[in-house]
Amino acid sequence: MAQTEKKGGLLRKSSASKKPLKEKVVLMYDEIFTTEDPSKCNPRFWEELFLMKVNLEYLEGKLEALDGEELMKIKDNINCLFQHCIQALGEEHPIRVVNALQTLCALIRGVHQKNKSTSGFDIINMLVGFDKAELCMKNLMESLDSLLCAEGSESLKSLCLKLLLCLVTVTDNISQNTILEYVMINSIFEAILQILSSPLSRREHGYDAVVLLALLVNYRKYESVNPYIVKLSIVDDEATLNGMGLVIAQALSEYNRQYKDKEEEHQTGFFSALTNMVGSMFIADADEKISVQTNEAILLALYEAVHLNRNFITVLAQSHPEMGLMTSPTSPVPTTPVTPLGTTPPSSDVISSAELPLDADVQTSNLLITFLKYSSIVMQDTKDEHRLHSGKLCLIILTCIAEDQYANAFLHDDNMNFRVNLHRVPMRHRKKAADKNLPCRPLVCAVLDLMVEFIVTHMMKEFPMDLYVRCIQIVHKLLCYQKKCRVRLHYTWRELWSALINLLKFLMSNETVLLAKHNIFTLALMVVNLFNMFITYGDTFLPTPSSYDELYYEIIRMHQNFDNLYSMVLRLSTNAGQWKEPASKVTHALVNIRAIINHFNPKIESYAAVNHISQLSEDQVLEVVRSNYDTLTLKLQDGLDQYERYSEQHKEAAFFKELVRSISINVRKNLAFNTLSQELLLKEFSTIS
C-alpha cells in the first residue's frame, strides 16, 4: 500500500498519479476564503471546524498571500471566524478550546501581515468589525482570564499566554498596536499575578507571564495612564513578588550557567592548548568566542519591578540556594535562538530546585548576586549593539538600586556577607582570581568591584561614554549614602582611586579623538568630584584614619596626572571655544586636589633632602602626610553629596522604546509554529467526552 505523506495542507499518495487530496480542515479554510457564508450550505460548519486539528501554516500562509483589497472582500467571513473562535473558548471540550486558541493566533498574525500603512484598512475592523469589537474583545479577554485562573490544564494555560504574547507583539512598536487598548480595559493583571504566586504555575508559565507583563507595562507608558503600571507599582503580596523574583533569578542563572559551561569548555579545548603554546597574544581573540545570547526581555522585567515597585526591593535580598550549585537540570536546555535577543524560556527544573529549603552546605545566593554576575558577563563586551543595550540596562537597574534607601541598607549590612564571584576579562597584567580566595563581604563591595572592573576594562577607541557616566554616578550615589549614614565600609578603596586616576589619564591621552564625539569634561568633572567627596567627607565614611592617609598618598603619588589634567582644562577654559565652560568647571573642581599636591610635595622633597633619601618609601611619605595635615588649607565645596535622581520619562524614553521594539520582534520570532504545536495538547486531551 502506498505511503501517504502530508505537505502544505495536502494529502498525496506518493506512488499514485491521481490529484492530491486536501485535508478536510484545509478545504474548510478555503470555504472561509470565499465571499460566501460557509455555514449557508452546512449549518454545522463552525461546530465541525473546531474539532479539526488546526493547520497553522496553511491558514497564515493563505492570509499572507492575499492583498489588502482581497482581504476586505472576505472581511465578513474573517469577522465570523474570529467571533466563533471566541465562542469556542467557552466550550466544555478542551479540544475545541485548543483549536480556537491556535486559530486566533494564526488569524491575528496573518491579518497583521497585511496591516501596512499602504493597505488602508483597520486591523480591529478586519478581525472583529467595529460594531462588535468592544463586546468581542471583552469576551475574549474574560475567557483568557478564566482559562489562566482555572484549575484546569497547564497546556491550555501555556497556549493562552502564547496567544497573549502573539497579540502583544504583532507590531514592532507595541504602542501602535490598537488591539492592546482592549487588553488595557479588560485587564489580565490579576491572572498574571496568580501564575507567579503559585509554585506549580510559576514553574510552567512564569517566564512567559513575566515577559508578557514587562511588555504590557510598556504600552503607551509616556502618553496615557497604563493600568498595568499603576497595578504593578502597588503590589505588596510577598508570595507574588518572590515568585516574580524567582522567575527572573532563574532565567539569569541559566544564562550565567551557560556562560560558565562555555568558558570551561573553551579553556579545556583547542584554543587553550594553542594559547599555551604560543603565549598570551591570542587571549583577547579566544575570549571573544565565548558568547551566549543576552536576555533583554527578562532584564526589562527586572527593571520594571525595581523601578516601579518599592516592595520588590526586598526580593533582591531574599536568600535562595545558589542555583548553579544545585543538581543540573535533567531536561535538555533549550537551544539559544538565532534571533538577536535571547527570549527562549530557560528549563524549569532549576526553579524547582531553587524553591527547596535552604541547605547549610549549599552557598546561598539571592537575585541581586545573580544579577551582578549576569552584569559582569554582559558588560565585558559592549562592542555588539545588543550587549551594549544590555550593559546600559544593567547600569540603569543598579542606578535605581543605588538610590533606594532600603536597598542601600541591605547592601551595606555587615550581617549580610556574601562571596560574589564576578566574571573578569582576561588581561595580560593580572591573574585570574581563584573563586575560593574571595572574601565574604557586604553586597555593596561586589557592586563597587563591578564598577571598578568596568572602568578598568573599557578604555578603548569606541569609548562607551554613556556607560562610564552611569558607572561613576552609581559609585557617587553609594558614597552619598555612606556619608549620610556614616557607614564605614571595609573596602579596598585604593583600587577604585587607581581606576579613576587611570581613567583621567586615558581621557587626556585621547583628548583629540574623544572630543570629536564626546564632552569628556562632564566625565572628568564627575571623577574629580568623587575625589572631592573622599577629601571633604572621607573622615565620615572611610574605615580608618590610615585609609584617609592612603587617599592623600595616592593623590600625591599620581600628582602628574592631576597636573596634566589641570594644564589641559586651563588651556581650553582660556580659549573661546565650545569647551570653555565645561573645562572651566573642571578647573574649579581641582582646587583642593591641587592644594594637597602643592602643600605636600615640597614637604616630601624637603624630608628627602634632610634625610638624604633619594626615593621615599610609602611609609615615609605617609609619615610626612600625617605630620603636615594641620597646615593644609582646603576650600569647602558645595553640593558634593547631592545628585539628580534617575528619571526614565525625560531622559531614557528613546532608549526604552527601541529596547521594547527589539524585544517585541524577538518574542514574535520565537513564537514559531513549533511553540504552538498541538502534539502535547492532543496527548492530554486524547478523548473528547
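## Close-up views of a predicted model

**View 1. Phe531 in helix α27.** Phe531 is buried, its relative accessible area being 0%. The model shown here and in the views that follow is predicted. Phe531 belongs to helix α27, which covers residues 520-541. Setting aside neighbours within four places in sequence, Phe531 has contacts with Trp497, Leu500, Ile501, Leu551, Ile555, Phe562 and Ile593. One of these contact residues, Trp497, is 34 residues from Phe531 in sequence, with a C-alpha to C-alpha distance of 7.9 Å.

**View 2. The aromatic cluster that includes Trp497.** One aromatic cluster is formed by Tyr491, Trp493, Trp497, Phe534 and Phe541. The count of aromatic pairs comes to 22. For Tyr491 and Trp493 the ring centres are 5.2 Å apart and the planes stand at 75°, so this pair is edge-to-face. An angle over 60 degrees is what places a pair in that class. Are the two residues of the pair buried or exposed? Tyr491 is buried at 8% relative accessibility, and Trp493 is buried at 2%.

**View 3. Lysines over aromatic rings.** Two lysine-ring arrangements are shown. Lys483 is placed over the face of Tyr537, 4.5 Å from the ring centre. Lys62 is placed over the face of Phe33, 5.7 Å from the ring centre.

View 4. Arg486 has a phi near 50°, which is positive although the residue is other than glycine. The loop that holds Arg486 runs between α24 (465-485) and α25 (493-509). With a relative accessible area of 57%, Arg486 is exposed. His612, also not a glycine, has a positive phi of about 55°. The loop between α31 (591-610) and α32 (618-626) is where His612 is found. His612 is exposed, at a relative accessible area of 73%.

**View 5. Thr103 in helix α6.** Helix α6, residues 94-112, contains Thr103. Thr103 has a relative accessible area of 3% and is therefore buried, the cut-off being under 20%. Which residues does Thr103 contact, leaving aside its neighbours within four places in sequence? They are Phe50, Val54, Leu59, Leu81 and Cys85. Leu59 is 44 residues from Thr103 in sequence, while the C-alpha atoms of Leu59 and Thr103 are 8.1 Å apart in space.

**View 6. Ser201 in helix α12.** Ser201 lies in helix α12, which covers residues 199-217. The relative accessible area of Ser201 is 8%, so Ser201 counts as buried. Beyond its neighbours within four places in sequence, Ser201 is in contact with Glu154, Lys157, Ile195 and Gly206.

**View 7. Helix α21, residues 385-403.** Helix α21 has 19 residues, and at 1.5 Å a residue they should span 27 Å. Of the 19 residues, 17 are buried, so α21 is largely enclosed by the rest of the structure.

View 8. A disulfide is a covalent bond between the sulfur atoms of two cysteines. How many disulfides does the structure hold? The number is zero. Cys80 is partly exposed, at 22% relative accessibility. Cys440 is also partly exposed, with a relative accessible area of 42%.

**View 9. The whole chain, for context.** The chain contains 35 helices and seven strands. It has 689 residues, of which 54% count as buried. Where contacts join residues at least 6 apart in sequence, 78% of them link residues at least 24 apart. The accessible surface of the chain is about 31,600 Å², and carbon and sulfur atoms account for 51% of this surface.

How values were computed:
Residues numbered from 1 in each chain as written. Predicted model: local features only at pLDDT ≥ 70, side-chain atom pairs only at ≥ 80, totals over all residues. Heavy atoms only, no water. Phe/Tyr/Trp six-rings, centres within 6.5 Å; stacked < 30°, edge-to-face > 60°. Buried < 20%, exposed > 50% of the residue type's maximum accessible area, 1.4 Å probe, protein only. Lys NZ or Arg CZ within 6 Å of the ring centre and 35° of its normal. Helix = DSSP H or I, 4+ residues; strand = E, 2+ residues; numbered from the N terminus. Expected span 1.5 Å × (residues − 1). Contact = heavy atoms within 4.5 Å. Areas by Shrake-Rupley, 256 points an atom, 1.4 Å probe, with all protein chains shown as cover. Disulfide = S-S within 2.5 Å.
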